[in-house]
Amino acid sequence: QVVKNAQALAGSLQTNGLRLVSGGTDNHLMLVDLRSKSLTGKVAEHALEVAGITVNKNMIPFDPEKPFVTSGVRVGTPALTTRGMKEAEMDQVGDLICRVLSAPDDAVSLNRVREDVKALTQGFPLYASRLA
């Protein structure tokens, strides 16, 4: 399911105009090239964190940016899959990521995405067995 989710998320990101370094994924993560958005990994990582989405800035092959800045982000699906999310939710996550990357400096937009992230994750608690 982790790989299925990664493939669904990769497809969603690509549909929304982002380039994946390998053209897709066949494992649990993907590397997103942000140069087409004129964003750095550092800016994207911070904006996504503000919106409640955790990614890591990451260098891409032949990256023109310094390692502390980067031109990409690494996105993975194990944590989402552990929560019980499946392909349908990965489409939503991809849309949320792209909304943030389209307006990384817009506090109102980031807060709206954060609320949407909360709404999505409420249906997939981290510790479901403790709530029962």
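At what angle do α4 and α5 pack, and how far apart are their axes? The structure is a predicted model, in which local features need pLDDT of at least 70 and side-chain atom pairs count only at pLDDT 80 or more, whereas totals for chains, interfaces and linings use all residues. Residues are numbered from 1 along each chain as its sequence is written, and side-chain values use heavy atoms, with hydrogens and water left out.

Helices (H or I, at least four residues) and strands (E, at least two) are DSSP runs numbered from the N terminus. The axes of α4 and α5 lie 10 Å apart, and the two helices pack at an angle of about 165 degrees, where axes are lines fitted to C-alpha atoms, for helices over the stretch in contact, and angles run from 0 to 180 degrees between N-to-C directions. The angle therefore makes α4 roughly antiparallel to α5 (under 35 degrees counts as roughly parallel, over 145 as roughly antiparallel, 65 to 115 as roughly perpendicular and the rest as oblique). The crossing of α4 and α5 is left-handed, a term used if the near helix is turned anticlockwise from the far one by less than a right angle, with right-handed used if clockwise. Contact (heavy atoms within 4.5 Å) is made by E89, Q92, V93, L96, R99 and V100 of α4 with S109, L110, R112, V113, D116, V117 and L120 of α5. These residues divide into seven nonpolar, two polar and four charged, with Ala, Val, Leu, Ile, Met, Phe, Trp, Tyr, Cys and Pro counted as nonpolar, Asp, Glu, Lys and Arg as charged, and the others, Gly among them, as polar.

Helix α4 (residues 87–102) also packs with helix α2 (residues 41–50), at an angle of about 120 degrees and with axes 9 Å apart, and these two helices are therefore oblique to each other. The crossing of α2 and α4 is right-handed, and A44, A47 and L48 of α2 meet I97, V100 and L101 of α4 in a contact of six nonpolar residues, with no polar and no charged ones.

The axes of helix α1 (residues 2–15) and α4 come within 8 Å and cross at roughly 40 degrees, so α1 and α4 are oblique to each other. Their crossing is right-handed. On the α1 side the contact includes K4, N5, A8 and L9, and on the α4 side it includes E87, M90, D91 and V93; by class it has seven nonpolar, three polar and four charged residues.

The largest pocket is lined by 25 residues, of which I53, T54, G76, A79 and L80 lie nearest its centre. By class, this lining has 14 nonpolar, seven polar and four charged residues, and α5 gives the most to it, with four residues.

How values were computed: 1 Å grid on protein atoms, 1.4 Å probe; cavity = no way out; pocket = protein on both sides within 12 Å on 5 of 7 lines; lining within 4 Å.
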